[in-house]
Amino acid sequence: MMLDRRLNAFRPDLAEASLKGKVEAERFVEGIAARVAVPVVALRPKPDLASGIDTELLMGEEVTIFERRDGWCWIKAVSDGYVGYLPETAIKEGAAAPTHVVVPQRTFLYPEPELRKPHAAILSMGSLVYVTGTAEARGNHYVVLEDGTAIFAKHVQPIGYNKGGDFVDVALRFIETPYLWGGRSGLGIDCSGLVQLALSMTGRVAPRDTDMQATGLGQPIERGELKRGDFVFWKGHVAIMEDPETIVHANGHTMTVARENFAAAIERIGWLYERPTGYRRFID
């Protein structure tokens with residue numbers, strides 16, 4: 001059985017140590033721990049900027065580096081096990097473990113605790129940061145990071161703050177966010193990325209891609225059982241039930257995250273993806 005290259009790091013010359021005895025490779029390595037050091041970075045199947053995007057990683061997320069070569073790193077994301085290539089400049093070894101997570105859809109990272117300063121970056125919901133202190137300026141409260149940059153204090157929360165919360169509410173914050181194939185941030189997101197990020201923000205773990213979610217997320221249910229928080233799958237697509245009649249999904253029809261009547265969506269999507277292939281419910 002061929003291993004999924006998205007979740008297993010192996011090439012003829014190199015493979016992750018956990019695959020020893022399962023694949024053939026010239027070398028097996030344990031890898032080196034590092035964290036994403038930029039707001040968002042594309043993870044690609046090849047070390048080539050012209051290559052398609054499989055997914056994205058956010059600031060502070062942990063990765064394991066298997067190889068550095070020609071400005072690229074071959075890595076595996078710790079959160080969901082996704083394997084791919086990203087620019088070497090996008091990650092940092094020895095970074096401190098994050099303490100807080102960004103909670104609005106997007107926020108600004110300022111060079112210092114002052115909102116009138118030109119922002120240094122835009123961080124997505126789900127970005128992880130290491131807070132070293134707090135500051136106040138003009139009546140506004142900020143958290144300060146180890147490099148002196150600052151974020152509006154209400155825009156971050158301690159990691160784990162919303163464990164077990166309503167992930168549908170999280171998904172709804174992304175309404176009208178542009179659709180982006182492979183996207184997984186508040187700047188652009190795809191259907192399975194929306195599911196994964198919404199679940200992640202409430203302390204739940206989900207696979208990254210639609211086919212993985214359709215077989216490995218929660219348990220199967222029947223259409224007649226659908227309620228808020230359940231998932232509907234088509235071939236290559238997934239939506240979240242807001243209520244028994246309404247779905248929310250990142251989609252290529254509106255090119256946004258949008259609400260849609262469930263029955264109408266089945267008819268509209270049918271010409272391209274046929275009927276739904278299954279329904280699932282996340283079990284805590």
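The questions below turn to domains, salt bridges and the surface.

Biologist: Into which domains is the protein chain divided?
Modeller: This is a predicted model. The bounds come from an automatic or database domain assignment. The chain is divided into domain 1 (8-91), domain 2 (98-156) and domain 3 (165-279).

Biologist: Which three residues supply 73% of the area that domain 1 buries against domain 2?
Modeller: Domain 1 and domain 2 bury about 530 Å² between them, and carbon and sulfur atoms give 71% of that area. The count of salt bridges between these two domains is 0. On the domain 1 side, more of the buried area comes from this trio than from any other three residues: Pro39, Leu58 and Met59.

Biologist: How many residues apart in sequence are arginine 228 and aspartate 169?
Modeller: Their side chains meet in a salt bridge at 2.9 Å, N to O. Arginine 228 lies in the loop between β20 (219-221) and β21 (231-234), and aspartate 169 in helix α1 (residues 167-172), so the pair ties together parts separated by 59 residues.

Biologist: Is aspartate 230 buried or exposed?
Modeller: Aspartate 230 forms a salt bridge with arginine 281 (2.8 Å, N to O). Its relative accessible area is 1%. The cut-off for buried is under 20%, so aspartate 230 is buried.

Biologist: Which residues make the nonpolar surface patch of about 240 Å²?
Modeller: Leucine 187 sits in the loop between β18 (184-185) and β19 (188-189). Leucine 187 is partly exposed, at 45% relative accessible area. The patch is made by Phe108, Ile122 and Leu187.

Terms used. Residues numbered from 1 in each chain as written. Predicted model: local features only at pLDDT ≥ 70, side-chain atom pairs only at ≥ 80, totals over all residues. Heavy atoms only, no water. Patch = residues over 30% accessible without salt bridge, like charges linked within 9 Å, V, L, I, M, F, W, Y side chains within 5 Å. Areas by Shrake-Rupley, 256 points an atom, 1.4 Å probe, with all protein chains shown as cover. Salt bridge = Lys/Arg side-chain N within 4 Å of Asp/Glu carboxyl O. Helix = DSSP H or I, 4+ residues; strand = E, 2+ residues; numbered from the N terminus. Buried < 20%, exposed > 50% of the residue type's maximum accessible area, 1.4 Å probe, protein only. Buried area = accessible area lost by both parts, 1.4 Å probe.
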